[in-house]
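This briefing is for a reader who is new to the structure shown below. Please look it over, then read the points by topic.

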Amino acid sequence: MTVNPTTTASAATSPSIEPYLGDTVHLLPQTNQLRALHTVIRDRAARREDFLHCSSRILRLLLESALDLLPYEEHTARTPVGAGYRGLRMSPAVHGVAIARAGESMESELRAVLPAVRMGKILLQRDKVTKLPHFYYAALPPGIADGHVLLLDPMLATGGTALAAIQVLLDHGVPEDRIVFVGLIAVPEGITAVCGRHPRVRIVTSAIDQRLNENAYMVPGIGDFGDRWFGTDR
Ligand code: URA
């Protein structure tokens with residue numbers, strides 16, 4: 001896997017992600033197109049419509065890539081000329097679970113790819129004093145334990161929220177190896193936190209940034225993704 005040097009984690013300041021790249025952490029190919037999209041959304045002066053448009057395009061690429069990690073079974077289609085096309089179809093149910101609020105930005109793109117997908121939600125909030133994520137509620141599709149889950153949150157920063165959400169899924173019977181975390185940007189701190197605790201959870205991301213700053217924002221980062229997406233930034 002080629003990791004673009006401009007987004008490669010700095011080994012001096014961040015934990016190593018090398019052991020996880022490939023099987024566990026799937027980084028989208030760093031094409032010029034993808035880098036151009038990131039260049040727009042990371043620009044502090046990006047127009048709102050450009051931010052939304054380019055973010056959505058990356059989210060779509062991520063979700064398409066995540067679907068590649070799910071199991072498929074052989075299926076033959078009968079074509080209009082009467083021939084058999086020996087192909088594949090996705091086997092068990094796939095559910096989307098958004099971590100509120102930023103993860104909700106990914107719901108419409110997932111719905112565009114899988115119109116009938118059942119969508120769950122997990123609401124967690126970081127306690128101002130302890131800095132730990134506090135669980136508020138989960139609304140999950142019935143039968144979630146029998147399917148695969150795309151866990152949606154654009155930012156994998158400290159990993160605290162992702163770990164808490166993964167725990168909710170495990171508590172509802174979803175096996176670790178059926179969880180795919182889908183995020184726009186990750187940093188080594190978040191990747192090592194998730195992969196260290198749950199080595200069979202897979203992560204799909206479009207960029208691995210250098211590190212977290214003292215306020216737990218990613219560097220170079222994107223600012224507060226949820227605020228920018230929902231228009232609640234100043
Ligand atoms: N969440 C965000 O929205 N941005 C960051 O940089 C970190 C967490």
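This is a predicted model: local features need pLDDT of at least 70, side-chain atom pairs count only at pLDDT 80 or more; totals for chains, interfaces and linings use all residues.

The side chains of Ser206 and His38 make a polar contact at 2.9 Å.

- Ser206 is part of strand E10, which covers residues 202–208.
- Ser206 has a relative accessibility of 0%, so it counts as buried.
- Besides the contact with His38, a polar atom of the Ser206 side chain lies 2.6 Å from the backbone oxygen of Leu184.

**Aromatic rings**

- The model has two aromatic pairs.
- In the pair of Phe51 and Phe225, the ring centres are 5.5 Å apart and the planes stand at 45°; this angle falls between the 30 and 60 degree limits, so the pair is tilted.
- Phe51 belongs to helix H2 (residues 48–67) and Phe225 to helix H6 (residues 225–230), so this pair ties together parts that are 174 residues apart in sequence.
- In the pair of Phe225 and Trp229, the ring centres are 5.9 Å apart and the planes are at 25°, so the pair is stacked.
- Both Phe225 and Trp229 lie in helix H6, where four residues, about one turn of the helix, separate them.
- An α-helix has 3.6 residues a turn, so residues three or four places apart point the same way.
- Phe51, Phe225 and Trp229 together form one aromatic cluster.

**The ligand and its surroundings**

- Which residues are around the ligand? They are Met155, Ala157, Ala216, Tyr217, Met218, Gly223, Asp224 and Phe225.
- A polar backbone atom of Met218 is 2.8 Å from an oxygen atom of the ligand.
- A nitrogen atom of the ligand lies 2.7 Å from a backbone N or O atom of Gly223.
- A polar backbone atom of Phe225 is 2.8 Å from an oxygen atom of the ligand.
- The ligand taken alone exposes 230 Å², and the protein buries 83% of that area.

**Helix H4**

- Helix H4 has twelve residues (residues 160–171), and at 1.5 Å a residue it should span 16 Å.
- Which residues of H4 are buried? They are Ala162, Leu163, Ala165, Ile166, Val168 and Leu169.
- Gly173 follows H4, and its phi is positive, near 90°.

**Cysteines**

- How many disulfides does the model have? The count comes to zero.
- Cys54 has a relative accessibility of 9%, under the 20% limit, so it counts as buried.
- Cys195 is also buried, with a relative accessible area of 2%.

Note on methods
Residues are numbered from 1 along each chain as its sequence is written. Side-chain values use heavy atoms; hydrogens and water are left out. Helices (H or I, at least four residues) and strands (E, at least two) are DSSP runs, numbered from the N terminus. The expected span of a helix is 1.5 Å times one less than its number of residues. Buried means under 20% relative accessible area, exposed over 50%, partly exposed in between (1.4 Å probe, protein chains only). Rings of Phe, Tyr and Trp (its six-membered ring) pair if their centres lie within 6.5 Å; planes under 30 degrees apart count as stacked, over 60 as edge-to-face and the rest as tilted. A disulfide is a pair of cysteine sulfur atoms within 2.5 Å. A residue is near a molecule or strand if one of its heavy atoms lies within 4 Å of it. A polar contact is a pair of N or O atoms within 3.5 Å; within protein, one must be able to donate a hydrogen and the other to accept it, and residues adjacent in sequence count only if both atoms are side-chain atoms. Accessible areas come from the Shrake-Rupley method with a 1.4 Å probe; for residues, only the protein chains shown count as cover.
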